[in-house]
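Colleague: Hi! Could you walk me through this model when you have a minute?
Modeller: Happy to, let's open it up.

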Amino acid sequence: MKNSIIEDLKSMQDIEYREFNLKLIPTVDKEKIIGIRVPALRKYAKTLLKERNDEVKSFLNKKEYVYFEEKLLYLNLIRDEKDFEKAMELVERFLPFIDNWAICDSPLPNIFKKYPNEVYEKVKKWIKSEKVYTVRYAIGVLLSNFLDDSFCKDDLLLVSSVKNEDYYVKMMIAWYFSFALIKQYEFTIKYIEKSILDKWTHNKAIQKAIESRRIDKETKEYLKSLKMK
C-alpha cells in the first residue's frame, strides 16, 4: 500500500534544514515545520502531477493544511497550471491559509504573466483585505509581475496608500519600493523625495535599494541623503 502525501513528506525530512528554517520563519510553530529542501519538494510535486493526479485533486481541496511543507507543496502543484481561471481559483482558495512570509512570497503561477489585466483586478481587491498575508501577497504580485512591461505609475500610489502597521506588510512595501527604484527610478524617486511613506518603510526601502548592485554609486549617495532622520 502506497504512502499518503503527508507520509511521503515526513519521509523526506531533513533535520538540519528544519533547524535552518525554524530560524528563518519564527512565526510558525516548530511542530508545523517538517524540514524539506525545496528542490526535493519540487521534484515530488512533479511526480505527484504525473503519477497520482487523483490524490492531487483531493489535496488541493483539503479544508486544512497543518504543515508548512503542505502549503509549499500546494503552491508548487499549481505553479504550472495552464488554465488561468483554474489557477486563479486555486490561489484565491489558498490565500486564507497563508500564515507566514515564506509561503506568501513563494513563486506565483506562471500563467499569471499572460493575463496581467485580470491579475491586476484581483490585486486591487486583495490589497484592500484585512488579512495581513493577503495584502502582502498582493504587493508581492505587483513586485514580481508589474515592475517591467506591465508597470503603471499608479501602482506606486496603490502600494504607498496601504495603511497597515504589520511588520510583514511594511517590509513588503519597502521591498516593492526598493525594486521600483531599481526598475522604474524616474517615477519612484518622486515618492522618496516627497517622503510619501512612513519613516521606517521609507528608510528600509532606501536601505534595500542601496544594497543592490544594479544602482550606481552616485544614485546610492543621493538616496542616502534622502533618509529620514
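**Helix packing and cores**

Modeller: Let's start with helix α9 (residues 132-145) and helix α11 (residues 167-183), which pack at an angle of about 5 degrees with their axes 9 Å apart. Axes here are lines fitted to C-alpha atoms, for helices over the stretch in contact, and angles run from 0 to 180 degrees between N-to-C directions. This is a predicted model, where local features need pLDDT of at least 70 and side-chain atom pairs count only at pLDDT 80 or more, while totals for chains, interfaces and linings use all residues. Residues are numbered from 1 along each chain as its sequence is written, and side-chain values use heavy atoms, with hydrogens and water left out.

Colleague: New topic: which residues have the most contacts inside the largest nonpolar core?

Modeller: L73, F112, Y137, I139 and Y176, in a core of 68 residues. Such a core is a set of buried Ala, Val, Leu, Ile, Met, Phe, Trp, Tyr and Cys residues joined through side-chain atoms within 4.5 Å. A second, separate core of ten residues includes I189, I192, I215 and L226.

Colleague: What does L73 touch?

Modeller: Not counting residues up to four places away in sequence, L73 touches I5, L9, L41, Y44, A45, L48 and F59.

Colleague: How about R18, buried or exposed?

Modeller: R18 is buried, with a relative accessible area of 14% (buried means under 20%, exposed over 50%, partly exposed in between, with a 1.4 Å probe and protein chains only). R18 is found in helix α2 (residues 15-24). Leaving aside neighbours within four places in sequence, its contacts include K30 and E31.

Colleague: Last one: where is S195?

Modeller: S195 is in the loop between α12 (185-193) and α13 (199-210). Its phi is near 55 degrees, a positive value in a residue other than glycine.

How values were computed:
Helices (H or I, at least four residues) and strands (E, at least two) are DSSP runs, numbered from the N terminus. Contact means heavy atoms within 4.5 Å.
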